[in-house]
Amino acid sequence: MASENGNDGDRLGALNDRIRAARESGPQGRDKKRAEKRERSRADGVAWRISAELVAAFMVCGFVGYWLDEWLGTRPWIMVAGLLLGGVVGMRNVYVVANRMSKAAEEKTDDEPERDR
């Protein structure tokens with residue numbers, strides 16, 4: 001009777017497609033989408049943190065250099081040195097954040113096989 005109405009393989013394929021679509025729209029699919037969205041948000045947050053630390057280091061060191069230049073009357077040499085120092089400090093902060101992220105990622109991958117056991 002099934003062969004009279006069409007190919008069983010086509011019907012089975014259509015049923016599998018419908019089951020897959022239902023699973024993706026169900027709780028498992030929503031959890032997967034939420035996890036992906038959470039991961040993107042975390043990555044965006046890290047990018048903003050890194051850029052803010054870099055800019056803040058430039059601004060703080062540049063301001064301190066400008067203030068010292070005004071106070072000592074050595075304009076613009078200490079400010080230039082402050083901006084260079086700010087660049088070095090900012091890059092160091094980026095390096096520290098990147099190392100922390102790398103260690104956290106390694107610990108996360110090391111912990112995952114233990115959870116499966």
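**View 1. The overall fold runs α-α-α-α along the sequence.** This is a predicted model.

**View 2. The chain as a whole has 117 residues, and 11% of them count as buried.** Its accessible surface comes to about 9900 Å². Carbon and sulfur atoms account for 60% of that area. Contacts also reach along the sequence. Take those between residues at least 6 apart: 49% of them join residues at least 24 apart.

**View 3. A nonpolar patch lies on the surface.** Seven names make up this group: Val60, Phe63, Val64, Tyr66, Trp67, Trp71 and Leu72. Together they have about 810 Å² of accessible area. Is valine 64 buried or partly exposed? Valine 64 counts as partly exposed, because its relative accessibility is 40%. That value falls between the cut-offs of 20% and 50%.

**View 4. A patch of negative charge gathers on the surface.** Its members are Glu106, Glu107, Asp110 and Asp111. Is aspartate 110 buried or exposed? Aspartate 110 has a relative accessible area of 52%, so this residue is exposed. The cut-off for exposed is over 50%.

Conventions. Residues numbered from 1 in each chain as written. Predicted model: local features only at pLDDT ≥ 70, side-chain atom pairs only at ≥ 80, totals over all residues. Heavy atoms only, no water. Patch = residues over 30% accessible without salt bridge, like charges linked within 9 Å, V, L, I, M, F, W, Y side chains within 5 Å. Areas by Shrake-Rupley, 256 points an atom, 1.4 Å probe, with all protein chains shown as cover. Salt bridge = Lys/Arg side-chain N within 4 Å of Asp/Glu carboxyl O. Buried < 20%, exposed > 50% of the residue type's maximum accessible area, 1.4 Å probe, protein only. Helix = DSSP H or I, 4+ residues; strand = E, 2+ residues; numbered from the N terminus. Contact = heavy atoms within 4.5 Å. Lys, Arg positive; Asp, Glu negative; His and termini not counted. Charge placed at Lys NZ, Arg CZ, Asp CG, Glu CD.
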